Amino acid sequence: MYGHVRLLARAVQRGVGSVPGALAVLLRVPETLPPAVLARMDALESAAEMETEEIPVADPDGLPEADALLFGFPARYGAMAAQMQAFFDSTAPLCRHQRLADKPAGFFVSTGTQCGGQETTAWTAITQLAHHGMLFVPIGYTFGEGMFEMEELRGGSPYGAGVFAGDGSRPPSELELALAEHQGKYMATFVKRMVHGADAS
């Protein structure tokens, strides 16, 4: 809505691309809010930017083609936004035939505050993966000392990268972007080793 998840996604994409042979494809889910509501939320400008970046809208039927999936979304009341939930709801045919079973997946999130759901937003989204038979891949504390940073405000958790957006005006910090990039590299390395049986070094 305000571009925070998009910026994290770009960082995730860089991280994936840093692993030889790995490629990240950015997709977005359809916007479900009408323009009048987006205008009241001061989100029309960001919505327009999304259109100009020409990030394709995700087709659920294309998900099985990926070796792994990293889903990014903002929080609403400690859970994923309705737009993302609507997209997951549209994957019911895939779930029925378990076409995403055994596929590694993870999450990265954006919340308005420190108490806005950095952990619960990812935690409650795990149910989507469980029904699909997917493998949740958290980052744990693999980011090293950056996970223990106490002098700088930082989103993210062992569940995945994150950003504190505030009222929408706070951009992701360099540390938050670095965590997102780490998550992309971590997932790509995991997939290369576990799915393809290749040495990721």
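User: In which hand does α1 pass α7?

Analyst: A crossing is left-handed if the near helix is turned anticlockwise from the far one by less than a right angle, and right-handed if clockwise. Here α1 passes α7 in a right-handed crossing. This is a predicted model, where local features need pLDDT of at least 70, side-chain atom pairs count only at pLDDT 80 or more, and totals for chains, interfaces and linings use all residues. Residues are numbered from 1 along each chain as its sequence is written, and side-chain values use heavy atoms, with hydrogens and water left out.

User: What are the axis distance and angle of α1 and α7?

Analyst: Helices are DSSP runs (H or I, at least four residues), as are strands (E, at least two), numbered from the N terminus. Axes are lines fitted to C-alpha atoms, for helices over the stretch in contact, with angles from 0 to 180 degrees between N-to-C directions. The axes of α1 (residues 4-17) and α7 (residues 174-194) come within 6 Å and cross at roughly 45 degrees. Under 35 degrees is roughly parallel, over 145 roughly antiparallel, 65 to 115 roughly perpendicular, the rest oblique. α1 and α7 are therefore oblique.

User: Is Ile 139 buried or exposed?

Analyst: Buried means under 20% relative accessible area, exposed over 50%, partly exposed in between (1.4 Å probe, protein chains only). Ile 139 has 1%, so it is buried. It lies in the loop between β4 (135-136) and β5 (162-164).

User: Which residues does Ile 139 touch?

Analyst: Contact means heavy atoms within 4.5 Å. Beyond four places in sequence, Ile 139 touches several residues, including Pro 158, Leu 179 and Tyr 186.

User: What joins the side chains of Gln 83 and Glu 31?

Analyst: A polar contact is a pair of N or O atoms within 3.5 Å; within protein, one must be able to donate a hydrogen and the other to accept it, and residues adjacent in sequence count only if both atoms are side-chain atoms. Gln 83 and Glu 31 make one of 2.7 Å. Gln 83 is found in helix α4 (residues 82-89). At 12% relative accessible area, Gln 83 is buried.

User: How many aromatic pairs does the structure hold?

Analyst: Rings of Phe, Tyr and Trp (its six-membered ring) pair if their centres lie within 6.5 Å; planes under 30 degrees apart count as stacked, over 60 as edge-to-face, the rest as tilted. The structure holds 7 aromatic pairs. Phe 71 and Phe 107 are tilted, at 6.3 Å centre to centre and 35 degrees between planes. Both residues are buried.
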